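Work through the exercises below on aromatic contacts. Each task is followed by its solution.

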Amino acid sequence: MYKIGEVISKKRTALGLTQAQLADALHISFQAVSKWENNAASPNIEMLPRLAAVLGTSVDALVGYNGVAADYDSRYLSEDYYWGLQPNRLCFEIMKLLPPVRPFRVLDIGCGEGKDAVFMAKCGYLVTAFDISETGLEKARRLAEHNRVDVNLIKADLVDFCPDRSYDIIFSSGMLHFLDAPLRKEICENLKAHTVTGGYNVLNVFVKKPFIVRAPDSTRDESRRFPWLSGELFGYYHDWLFHTCREEIFDCNSGGVPHKHCMDTLIAQKIGEGERL
Ligand SMILES: C[S@@+](CC[C@H](N)C(=O)[O-])C[C@H]1O[C@@H](n2cnc3c(N)ncnc32)[C@H](O)[C@@H]1O
């Protein structure tokens with residue numbers, strides 16, 4: 001369960017501040033800070049913006065509100081599957097490259113309602129999948145049950161997710177544009193480090209192009225989307241073997257207004273140090 005005290009304590013420690021120093025900066029007693037951190041009391045509403053500023057974070061982060069999660073929770077509320085049930089074509093590309101002749105391990109990041117995770121589990125992969133939307137995960141659980149497959153479904157945020165093991169395939173579709181630019185390199189390095197030698201990362205990202213105008217209807221999550229630079233994803237994987245490296249411009253009709261998007265897709269393989277092809 002979310003506890004504001006843990007967030008305050010974590011952010012304060014990361015900044016190397018003592019409780020007394022944080023209290024001084026806010027002109028309050030250190031006992032008040034101690035009470036917050038022990039969840040014996042909460043900062044009042046006027047204090048939140050000052051506290052967020054001193055801790056270098058946002059009020060949303062302090063109070064545990066994630067706008068992207070809330071947005072997707074509401075999209076996933078209906079009985080229908082928002083993204084449909086047709087697996088992403090990348091799943092078929094994965095099957096060609098690493099057919100499930102044994103239960104290879106797959107990590108699906110930002111799995112939404114689980115259509116791809118469940119499909120891959122049905123094909124014989126051992127799938128772990130995570131998302132920040134509990135509503136999406138609930139539907140993914142139902143889909144797995146309906147298809148009589150096991151998928152390890154976890155609620156987690158990629159920003160602080162630390163894989164507990166390495167995977168043969170790390171897959172993410174339609175999610176990485178929620179990562180703020182300064183986080184991307186480190187997160188890609190983390191994914192690379194948690195991929196077995198010979199394994200694959202299969203990723204796509206929306207990219208900016210000066211000649212593609214922002215969708216006139218601007219989808220609801222547009223303000224929290226951070227399109228990547230064209231080719232940026234490929235650069236982070238410069239030391240891996242590329243199997244697919246493509247940039248596509250495609251039509252979209254979200255909100256009933258025709259517009260275009262540009263997407264970079266990468267399927268890259270980790271080659272062992274010193275290995276020669
Ligand atoms: C466009 S949907 C794609 C869902 C799924 N991959 C699919 O193609 O059906 C993006 C998903 O990423 C999730 N998401 C956004 N930011 C995330 C984060 N930081 N960590 C984990 N999941 C996230 C959203 O909740 C949403 O379900």
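**Aromatic contacts**

With a relative accessibility of 3%, Y76 is buried (under 20% relative accessible area; exposed is over 50%, partly exposed in between; 1.4 Å probe, protein chains only). The model is predicted: local features need pLDDT of at least 70, side-chain atom pairs count only at pLDDT 80 or more, and totals for chains, interfaces and linings use all residues. Residues are numbered from 1 along each chain as its sequence is written, and side-chain values use heavy atoms, with hydrogens and water left out.

**Exercise 1.** Classify the pair of Y76 and Y82.

Step 1. Rings of Phe, Tyr and Trp (its six-membered ring) pair if their centres lie within 6.5 Å; planes under 30 degrees apart are stacked, over 60 edge-to-face, the rest tilted.
Step 2. For Y76 and Y82 the centres are 6.3 Å apart and the planes at 70°, an edge-to-face pair.
Step 3. Y82 is partly exposed, at 39% relative accessible area.

**Exercise 2.** State how many aromatic pairs the rule gives, then classify Y72 with W83.

Step 1. The count is 11 aromatic pairs.
Step 2. The ring centres of Y72 and W83 are 6.4 Å apart with planes at 40°, so this pair is tilted.
Step 3. Y72 is buried at 8% relative accessible area, while W83 is partly exposed at 45%.
Step 4. Y72, Y76, Y82, W83 and F178 make up one aromatic cluster.

**Exercise 3.** Which residue lies over the face of Y72?

Step 1. A charge sits over a ring if NZ of Lys or CZ of Arg is within 6 Å of the ring centre and within 35 degrees of the ring normal.
Step 2. R75 lies over the Y72 face, 4.6 Å from the ring centre.
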